[in-house]
Amino acid sequence: MSELFRALVVNKDEHGYRAQIQDWSRDQLMDGDVLVRIAHSTVNYKDGLAVSGKGPIIRQFPMIPGIDLAGAVEESSSPDFAVGDKVLLNGYGVGEKHHGGFAQYARLKSEWLIPLPKTLDTEQAMAIGTAGYTAMLCVMALEHNGVTPDKGPVLVTGASGGVGGVAISLLSGLGYQVIASTGRMQESEYLQSLGATEIIDRAELGGPGKPLGKERWAAVVDSVGSQTLANALAHTSYGGAVAACGLAQGMDLPATVAPFILRGVTLAGIDSVMAPREKRILAWDRLAREMDLAKLTSISRLIGLDDLPEAAEAILAGTVRGRLVVDVNL
Ligand code: NDP
């Protein structure tokens with residue numbers, strides 16, 4: 001039996017749904033050609049659903065959740081990775097159907113891993129995490145659809161959350177004027193420190209609206225969905241683009257086709273989980289060069305494995321500001 005390590009394990013059986021810290025052996029991990037000694041992971045909205053059981057994220061039990069991880073290769077039979085290489089992983093169903101990042105070790109398929117960018121350490125990479133990498137995918141989608149800083153401001157919804165905070169920081173660094181929509185007006189100073197030039201109350205966008213409204217922004221990064229996304233579309237100016245990546249308000253989209261057929265607005269869907277490897281590497285390369293590391297520090301807070309159940313409840317309640325980084329050895 002190999003040496004034991006700590007993991008947060010989720011079980012669902014006759015005793016109910018529960019997440020507990022357990023000692024596991026490496027033999028209990030699933031198949032893969034690379035064993036990673038994890039240094040850091042992080043808490044995304046999806047991890048909150050997985051740990052708390054409030055959303056059907058986990059497909060088999062027991063499961064170690066955690067859709068993100070960063071660490072060093074400890075064993076490898078892949079020609080692509082050598083012992084000691086620093087790596088990171090986002091998505092690919094890890095933490096859902098394959099044991100994930102809320103542990104000191106993970107055994108993974110090498111094709112899921114990408115090299116840790118040289119200018120980032122594992123803690124910084126996880127402060128970015130899936131949320132930040134998704135924010136970059138949104139920025140890339142807006143650029144792909146012709147959005148440039150001279151076209152007008154960009155609205156970021158769910159601004160005080162993880163995707164929102166990184167999106168504001170990236171966009172402001174690229175020279176965009178950023179309008180932040182938040183339900184936490186008390187976080188205005190924080191949002192301004194990230195680069196937002198205008199803060200609006202999310203209540204303005206959260207209820208039923210008209211099919212088309214005044215043209216207020218050239219583009220949108222939306223992590224909220226539902227009524228908010230419908231209103232964001234209705235106020236996007238002619239030829240603009242909206243990147244939709246989330247559903248914090250809801251999965252529905254009570255919109256009309258008016259913004260598309262009368263203003264030529266493009267709605268770009270963003271998926272981080274199965275995004276192709278080349279796109280991931282490009283996104284991480286840009287994050288490594290363009291993310292302001294001082295802002296990243298102000299966005300993130302460090303927790304340990306024992307703090308995860310409480311952190312899961314907090315992210316679902318919408319009370320986490322920015323990003324939570326998990327030091328799996330704390
Ligand atoms: P966070 O919980 O960190 O942020 C979500 C933010 O949305 C909250 O902080 C809050 O911001 C706002 N919000 C919460 N509830 C509501 C509500 N009822 N109505 C309006 N706004 C609300 O989550 P993440 O940033 O990690 O993820 C955001 C979304 O993006 C999630 O839905 C997640 O599942 C999705 N996502 C999708 C990915 C993909 O691949 N497509 C990848 C990563 C995330 P505020 O307090 O400022 O209003």
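These legends describe close-up views of a predicted model. Local features need pLDDT of at least 70, side-chain atom pairs count only at pLDDT 80 or more, and totals for chains, interfaces and linings use all residues. Residues are numbered from 1 along each chain as its sequence is written, and side-chain values use heavy atoms, without hydrogens and water.

**View 1. Helix 2 crosses helix 3.** Helices are DSSP runs of H or I with at least four residues, and strands are runs of E with at least two, numbered from the N terminus. The axes of helix 2 (residues 122-144) and helix 3 (residues 162-173) come within 8 Å and cross at roughly 50°. Axes are lines fitted to C-alpha atoms, for helices over the stretch in contact; angles run from 0 to 180 degrees between N-to-C directions. That makes helix 2 oblique to helix 3. Oblique is what remains after roughly parallel (under 35 degrees), roughly antiparallel (over 145) and roughly perpendicular (65 to 115).

**View 2. Residues join helix 2 to helix 3.** Contact means heavy atoms within 4.5 Å. Helix 2 contributes Ala 131, Gly 132, Ala 135, Met 136 and Val 139. Among the residues from helix 3 are Gly 162, Val 163 and Leu 170.

View 3. Two strands pair if DSSP finds at least two bridges between them.

**View 4. Strand 8 pairs with strand 9.** Strand 8 (residues 154-156) and strand 9 (residues 178-182) run parallel over three bridges. Val 154 stands opposite Val 178 in strand 9.
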